[in-house]
Amino acid sequence: MVKATHPTAEKIAVAFDFDDTLVPSTYDTFIEYLGMDATEFRQQVYDPLKADGWDPISARFYSFINYSKSRSNSSEKITRETIREFGQSLQPFAGVTDMFHRLQETATAIVPQVEVEFYLITSGFVEMARSCKIADCFKAMWGPEFHYSESGEIEFLKRSLDHPAKPRYLYYISKGVRDDDSRDDILFVYEDVPPAELAIPLPQVIYVGDGDSDIPCFAMLNREGGTAIGVYPEGSAQQWADHYQPSQGERVSNLALADYSAGSELMKSLTLAVEGICKKIQLQQLSTAK
Ligand SMILES: [Mg+2]
């Protein structure tokens, strides 16, 4: 028996950003859900915090915490329940709900035993994502969370996850995500793991995200031989063109509209990426079967 030159595993990981990648911005839609104008709220509350040097995640969480605190009517306070109900009301972009099984079918058609695992890594509000209709499709979801008071009202930012920290989770996926997901597992992802022991080698990891905030993940996967796919929500192509001028290492394999319907450019890119990885797995299987 000849040992394969490169280790391989019969798994593919597809990791997604959330806001503006799978759903519209949860910050803006939540402001509107609370009955306010998103642009006005940003101008009056969020922008001054940013101008004062606040970190964007802290500013977003604080703006809602402060809003809730200022409500004298208890029915207007933002609670765990408000977040959950809002999450349930979130409408993913076209085709998202069918995309998960479509990609699994694409993979199975080439390598029957291959498993496609889906992950979510957000710098937005992960608890909203955990309540949304596609939550069950993900093996794990990571992102900033609220701390709640005894009465269930949002009170503090409990856990943060900024964009430069996202690649750490891609390493974690590659090492193998444990069911009892602990902080330590994520902190020590840089520990050396022999390539043959990796749960999912990084060339079998795909990351889908929008905008320049996802550049750390794009750059990391490009370095490691993975696949980076950039999306833009409807109407924001020009924004991408204006802001996104990455260096060679930060480029994406393709940039497409956030439309996951069958036959869309984005679904074609994702399908090609999954097929490409499956064919490499197939090739490895041929060489190890000798
Ligand atoms: Mg995003």
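This is a predicted model: local features need pLDDT of at least 70, side-chain atom pairs count only at pLDDT 80 or more; totals for chains, interfaces and linings use all residues.
1. Overall make-up. The chain has 290 residues, and 36% of them count as buried. Its secondary structure comes to eleven helices and eight strands. Take the contacts between residues at least 6 apart in sequence: 63% of these join residues at least 24 apart.

2. The α2 and α3 pair. Helix α2 covers residues 38-51 and helix α3 covers residues 56-70; the two pack at an angle of about 145°, and their axes are 9 Å apart. Their crossing is right-handed. On the α2 side the contact is made by Val45, Tyr46, Leu49 and Lys50, and on the α3 side by Pro56, Ala59, Arg60, Tyr62 and Ser63. Sorted by class, that contact holds six nonpolar residues, one polar and two charged.

3. You will find Pro48 in helix α2.

4. With 15 residues, α3 reaches 21 Å from its first C-alpha to its last, close to the 21 Å expected at 1.5 Å a residue. Which residues of α3 are buried? They are Arg60, Phe61, Ser63 and Phe64. Seen down the axis of α3, these buried residues fall within an arc of 150°, so they line one face of the helix. Asn66 and Ser70, on the other side of α3, are exposed. The cover over the buried residues includes α1 (26-33), α2, β4 (145-148) and β5 (154-159).

5. Leaving out residues up to four places away in sequence, Ser68 touches Lys77, Ile78, Glu153 and Ile154. Ser68 and Glu155 are 87 residues apart along the chain, yet their C-alpha atoms are separated by 8.8 Å.

6. A backbone point at Asp20. Please have a look at the loop between β1 (11-16) and α1, where Asp20 lies. Asp20 has a positive phi of about 65° although it is not a glycine. As background, most residues other than glycine have a negative phi. Asp20 is buried, because it has 22 other C-beta atoms within 10 Å.

7. Helix α5. The 15 residues of α5 should span 21 Å at 1.5 Å a residue, and its end C-alpha atoms are 22 Å apart, which agrees. Val96, Met99, Leu103, Thr106 and Ala107 are its buried residues. Viewed down the axis of α5, they fall within an arc of 90°, so they line one face of the helix. The face turned away from that buried side carries His101, Glu105 and Ala109, which are exposed. What do the buried residues of α5 pack against? Their partners are β1, β2 and α11.

8. Helix α11. This helix (residues 265-288) has 24 residues and reaches 35 Å from its first C-alpha to its last, close to the 34 Å expected at 1.5 Å a residue. Its buried residues are Leu266, Met267, Ser269, Leu270, Ala273, Val274, Ile277, Cys278 and Ile281. What covers them includes α5 (96-110) as well as the strands β1, β2 (115-121), β6 (205-210), β7 (227-232) and β8 (254-257).

9. Val126 in α6. Val126 belongs to helix α6 (residues 126-131). It counts as buried because it has 21 C-beta neighbours inside 10 Å. Beyond residues up to four places away in sequence, Val126 touches Met141, Trp142, Gly143, Pro144 and Glu145. For Glu145, 19 residues from Val126 in sequence, the C-alpha to C-alpha distance is 6.3 Å.

Terms used. Residues are numbered from 1 along each chain as its sequence is written. Axes are lines fitted to C-alpha atoms, for helices over the stretch in contact, and angles run from 0 to 180 degrees between N-to-C directions. Helices (H or I, at least four residues) and strands (E, at least two) are DSSP runs, numbered from the N terminus. A crossing is left-handed if the near helix is turned anticlockwise from the far one by less than a right angle, and right-handed if clockwise. Two residues are in contact if their C-beta atoms, placed from the backbone, lie within 7 Å. Ala, Val, Leu, Ile, Met, Phe, Trp, Tyr, Cys and Pro count as nonpolar, Asp, Glu, Lys and Arg as charged, and the others, Gly among them, as polar. The expected span of a helix is 1.5 Å times one less than its number of residues. A residue is buried if 20 or more other C-beta atoms lie within 10 Å of its own, exposed if 12 or fewer, and partly exposed in between; C-beta atoms are placed from the backbone. The arc is that of the directions from the helix axis to the C-beta atoms.
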